[in-house]
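Colleague: I'm new to this one. Could you walk me through how to read it?

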Amino acid sequence: MTTRRSALSRQPMAIIAVCMLGVLVLLAVFAPVVWGDKAVAADPDSIALPLSAEHLLGTDKLGRDILLRTLVATRLSLVMAIAATLIGACIGLLLGAMPAVFGARAQRWFASVVSTWLAFPVLLVAMLTVVLLGPGATTAVVALALTMTPSFARLAQTLSSRVGGSEFLAAARMLGVSRRRQFTRYVLPNIAEPVIVNVTTSIGGGLLALSSLSFLGVGVQPPDFDWGRLLSEGFGEVYNSPVAAIGPGVTVVFAGLAFSMLGESLAAHLRNREHGKALSPRRLGPAPVAERPAETPSATATDCAETIVPLLEVDGLSVSFPGPDGWIRPVQDVSFRIAPGEIVGVVGESGSGKSVTMMSVAQLAPAGAAVTARRLRFDGEDLTGLTPAAAGKVLGTRVGVVFQDSLTALNPALRVGTQLAEIPRVHGAVGRRQAHEMAVRALDDVQIPDAAHRAQQFPHEFSGGMRQRALIAMSQIGSPSLIIADEPTTALDVTVQRRVLALLRRECAESGAAAIVVSHDVAVLAELCQRVLVMYAGRVVEDVDIALLATPERLAHPYTRALTASLPDLDTDRTTPLVTIPGEPPDLSRPITGCAFAARCAFATELCRTETPVPVPHRHGGRVACWHPQDAIAPDTTPGREEVGA
Amino acid sequence: MTPSTSVSGSRRGGYRWLGFLLRRTGRMLVAMWVIITVAFLVLRMAGGDPVRSALGATADESVVQARREMLGLNDPLIVQYFDYLAGLFRGDLGVSIITGRSVTELVSHRLPATLELAGIAFLVVLLVAVPVGLGIAIITQGNGRRGVETVFTGVTAFIAAIPEYLLGVVLVIVFAITLHAFPVAGRTGPASYLLPVIALSVSAAASISRIARIEALQTLKDDYVRTARSKRLPAWMVYFRHALPNMLTATLTIGGTLLGAMIAGSVLVEQVFNWPGLGMAFVGAITTKDYGIVQGLALVYAAIILVVNLLVDLVLSLLDRRTSLLETS
Amino acid sequence: MAELVIDDLVVTFGHRQRAFNAVDGVSLTVPHGTIVGLVGESGSGKSTVARTVAGLQRATSGRITLDGDDLLHTRGVDRRHRAQGVQMIFQDPYSSLNPRMTVGETIEEALTTHRDLNAKQRAASVRELLELVRLKPAVAGQYPSQISGGMRQRVAIARCLAVRPRLIVADEITSALDASVQGAVLNLIRDLQRELELSMIFITHNLAAVRYIADTTAVMSRGRVVEYGDAEEIVANPRHPYTQALVSAIPRIENAGTDHLLRLADEDGLR
């Protein structure tokens with residue numbers, strides 16, 4: 001609670017809003033007591049005076065000071081708005097959130113009631129209430145509450161349907177938790193915050209609505225007065241004394257603004273508490289860059305045969321995001337090379353930085369990411385230091401990307417064919433019809449039946465496997481020399497996965513394109529790739545020929561070994577427990593000293609905990625970043641790694 | 001859900017859309033009927049004799065009785081209700097209790113002024129708010145340019161807190177009374193549209209541009225925008241072709257009701273600018289307790305708002321053909 | 001622990017022309033103290049079977065009994081009694097725990113709904129259950145958002161055990177977890193099953209996991225059980241063509257570097 005308050009008080013907008021509300025509350029409490037009598041007493045000596053030092057906003061037709069009347073009206077205006085909003089919110093909350101614990105049928109029934117109620121025009125509800133109950137303050141409050149109820153109900157409904165369909169509520173039901181307790185312990189706490197935010201902003205809106213009713217003459221009736229009433233009276237005299245209308249108007253805006261600002265900062269506060277408010281890059285200072293002593297030989301030197309010019313060369317790539325306490329570094333000092341036509345896998349757990357690395361290489365890092373590299377070359381062209389947009393232009397269609405979730409990766413509003421055809425349209429400068437034909441051919445190439453017809457459809461009309469194939473077709477249509485595939489089969493069933501993998505493999509074999517395939521599943525990469533990069537906590541820990549995965553004893557890094565051993569396959573011994581890796585991956589928002597895997601590693605020594613190993617060439621033909629590689633026949637006692645390498 | 005739905009062609013999609021259109025229209029008609037009935041009952045239940053209170057306490061009893069007879073108010077309630085419904089089908093919105101003149105005639109005189117005002121303001125809101133929201137979102141994505149973000153949220157929060165009628169009053173004072181730059185009131189020519197349209201659209205535009213920015217930020221983070229970037233399309237294509245339609249759907253979903261609220265705002269703005277539309281007549285009828293006119297105009301307003309909501313939904317369903325929208329609605 | 005009998009279960013979704021049977025005549029027996037694996041691809045109906053057994057989904061026809069007690073027609077049956085019959089562990093530990101309750105409160109909720117315990121006994125039981133799922137007692141004071149996915153799944157298991165159900169339905173409980181955590185959860189389930197002699201339906205799309213953990217396995221496709229038998233045997237010698245396709249589609253590390261996929265591409269008729 002204390003942290004919550006202190007975080008909120010750091011927002012300047014919240015402070016201003018609270019101060020403004022403080023002024024309003026003071027006025028509401030004391031103004032009627034202090035100036036109440038004066039504000040209503042007619043003074044025949046000072047009728048309709050213009051503004052003066054004595055009457056800052058002038059006086060009205062009965063000689064009453066408009067400024068005092070405005071201040072005194074604060075109480076009635078605020079009380080009415082708050083009362084109406086709270087009534088609306090409470091009824092709305094019950095109508096909207098209660099059905100969540102009574103099952104789907106009750107939810108549907110209440111939803112239709114609420115949507116019919118919502119269809120009632122606000123104005124009409126207000127006017128009919130006035131006609132039915134006669135104008136007056138109570139009527140205005142009832143009318144406003146009636147118009148607010150359905151929107152609160154809708155909000156509560158939307159929020160609670162999420163809770164209603166949640167597995168934790170299902171679990172509670174299964175445990176036999178009573179409905180009342182389901183509502184108070186499960187539904188309400190999980191929807192309360194957005195509702196509170198909404199109530200706060202709605203009070204501001206309610207103030208404006210009430211003042212409009214009074215302005216129209218159907219709200220508060222004389223001798224009572226609120227801001228809307230005063231405004232309306234002032235507007236009648238607008239030619240004589242414009243300030244008479246301005247004064248109450250300013251207070252209406254002031255109060256409306258105070259509530260909406262408070263709501264806004266509450267909402268911002270909740271967002272930040274959930275995701276952590278990232279500091280602005282300016283406050284964070286420059287993004288961290290991978291450092292390495294200049295004399296260290298480039299780790300990428302022996303990646304691929306030296307006679308071949310690499311298609312892609314990445315050296316010292318780091319990616320940082322602004323976080324709540326400083327830079328978060330999901331990728332640190334990653335180096336690798338890809339030869340033309342080579343298929344390389346990247347494996348790692350969630351948070352290992354594998355996807356971020358490859359998206360950064362493709363110049364598709366999310367906005368706000370700081371990407372730095374000592375060296376980034378593609379097909380002989382230097383991309384180091386270019387902006388993502390400029391580098392993207394250089395890459396053009398030579399890099400094709402296949403994304404993970406095929407449903408969200410395709411634009412729901414555009415036909416599949418159009419989404420493919422726009423690539424040749426833009427890059428190949430071909431005509432509309434020709435581009436469309438190319439799109440159909442590309443879909444046909446990935447075994448989509450009746451491609452001409454399918455090209456006219458929207459992504460939601462495709463099955464998951466077909467969408468993934470369409471994405472592969474999309475990555476192919478520009479004839480790329482490098483395909484970057486980010487978890488291309490994660491959401492698919494095994495039988496569909498096998499077809500997609502076979503397709504990807506065939507595309508590479510036919511076009512001679514190189515590929516980088518990111519996956520959390522070692523077995524998938526084993527079938528598809530020639531080489532695999534193993535990533536852990538933002539670094540490449542091992543870079544090894546894929547054939548070695550089948551013989552784990554030849555793998556060097558303890559993490560790679562554990563990863564290949566930890567998953568049950570169809571030959572796992574059922575009588576012994578599975579091999580597991582103890583502990584959890586490290587928190588990347590804190591700086592890690594030494595090897596990130598040390599805490600979970602059985603072979604870790606003091607050296608591992610203090611010095612970060614970098615990937616160096618290893619006797620198995622690849623690279624490994626470990627002080628104690630495990631493939632040696634004799635225990636590795638030599639910390640000096642240079643002589644161990646090739 | 002089943003494989004068979006994905007095999008269906010776009011023709012099947014078309015049928016589904018037609019079904020959606022019919023369902024929506026049907027629902028609108030039901031809502032209209034509920035409103036007609038409620039309005040009828042409320043006005044009949046309103047305290048006292050409407051004719052007496054409309055004609056005033058001094059009116060002669062025989063006059064009141066004659067007017068009641070003419071209006072059919074002496075019939076049983078159920079007969080009155082069906083007479084009223086039958087009248088509506090013939091386009092008869094009833095008559096003024098006070099003058100006995102046809103409400104339909106009144107509407108045909110005054111509706112164009114209101115529709116012009118609201119329609120222009122409508123367009124202004126969409127044409128200003130959506131591009132502004134998208135533009136600011138593009139500038140401020142990824143936590144960049146905090147300053148722009150702060151200024152934008154501050155300014156729009158301020159503008160959104162100004163009610164239409166108050167802005168109208170200020171505009172009248174500044175431009176019409178002080179500067180004599182524009183006509184003060186009435187519908188007298190192109191120049192006379194400017195101030196009312198501004199008064200009606202500015203606050204809504206501020207609110208919708210805020211919604212639009214938040215939705216655009218969300219959209220820019222969506223995977224398909226990244227897919228579009230991966231195709232190295234020009235920036236304008238990424239933003240306008242890939243982001244805009246999706247962001248518009250989300251914006252209209254949330255902001256659609258605000259457009260309906262603008263109709264209500266027009267009542268107030270008409271009052272301020274003495275605009276010869278329905279709103280003036282409506283407020284006048286309420287203050288003079290002419291329930292005949294109130295009832296007729298209330299229905300016209302309800303119909304306008306329901307039609308606007310229906311159109312928003314239809315536009316949404318055309319922009320976003322995903323099954324989810326068509327299915328859940 | 002009890003014996004579960006599912007007899008000719010049918011679950012229909014949608015109505016009229018759009019109706020289809022998600023579960024289409026499934027019969028299955030879970031003997032005392034055994035784990036029956038239910039394996040299949042998405043849309044095979046395996047999760048619908050799980051939800052129906054757990055009482056979260058209405059059956060269209062058929063019978064489900066637990067030691068002779070009817071599980072489908074529980075109207076009038078005491079809520080608590082029903083809860084002690086079947087409990088379910090869900091796929092996603094991120095959504096199966098109430099974010100507004102601490103781990104301790106979550107487990108206590110399960111304890112107190114079924115037994116009257118004083119504060120001391122409750123605390124002791126919570127500690128015991130946490131130890132059972134290999135968690136430190138200090139976790140009790142934390143909220144789900146403060147602990148990792150693997151730990152959350154352990155909490156969900158502890159909550160389920162707190163009720164002492166006669167049957168546990170585990171629905172894809174490892175598929176939302178990272179590779180290195182999955183193994184640990186599978187080990188835990190196996191150990192607990194042996195320690196407590198649990199009866200369990202273990203639902204997954206992962207044939208290797210089901211082979212490792214289950215005693216017998218039923219393979220589902222399009223709402224029907226297409227093959228049923230010993231968990232090891234079904235993978236080693238699949239008889240039904242669908243099971244064969246499923247087994248052969250599993251990517252294997254042994255295929256590393258063999259260009260096995262290109263051969264498959266040729267078989268598929270890809271040019």
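Colleague: Which strands of chain A does helix H12 (residues 354-361) lie across?

Modeller: Helices (H or I, at least four residues) and strands (E, at least two) are DSSP runs, numbered from the N terminus. Here H12 of chain A lies across E3, E7, E8, E9 and E10 of chain A, and runs at about 150 degrees to E9(A). Axes are lines fitted to C-alpha atoms, for helices over the stretch in contact (heavy atoms within 4.5 Å), with angles from 0 to 180 degrees between N-to-C directions.

One caution: this is a predicted model, where local features need pLDDT of at least 70, side-chain atom pairs count only at pLDDT 80 or more, and totals for chains, interfaces and linings use all residues. Residues are numbered from 1 along each chain as its sequence is written, chains are lettered from A and ligands numbered from 1 in the order in which they are written, and side-chain values use heavy atoms, leaving out hydrogens and water.

Colleague: In what order do the strands of the open sheet come?

Modeller: Two strands pair if DSSP finds at least two bridges between them. In chain A, eight strands run E7-E8-E9-E3-E10-E11-E13-E12, with mixed pairing. E7 and E12 are the edge strands, each pairing on one side only. E7(A) and E8(A) are parallel and joined by four bridges; Val401(A) has Ile484(A) as its bridge partner there.

Colleague: How many salt bridges are there between chain A and chain C?

Modeller: Look for a side-chain nitrogen of Lys or Arg within 4 Å of a carboxyl oxygen of Asp or Glu. The count is four, including Glu193(A) with Arg100(C), whose closest N and O atoms are 3.5 Å apart.
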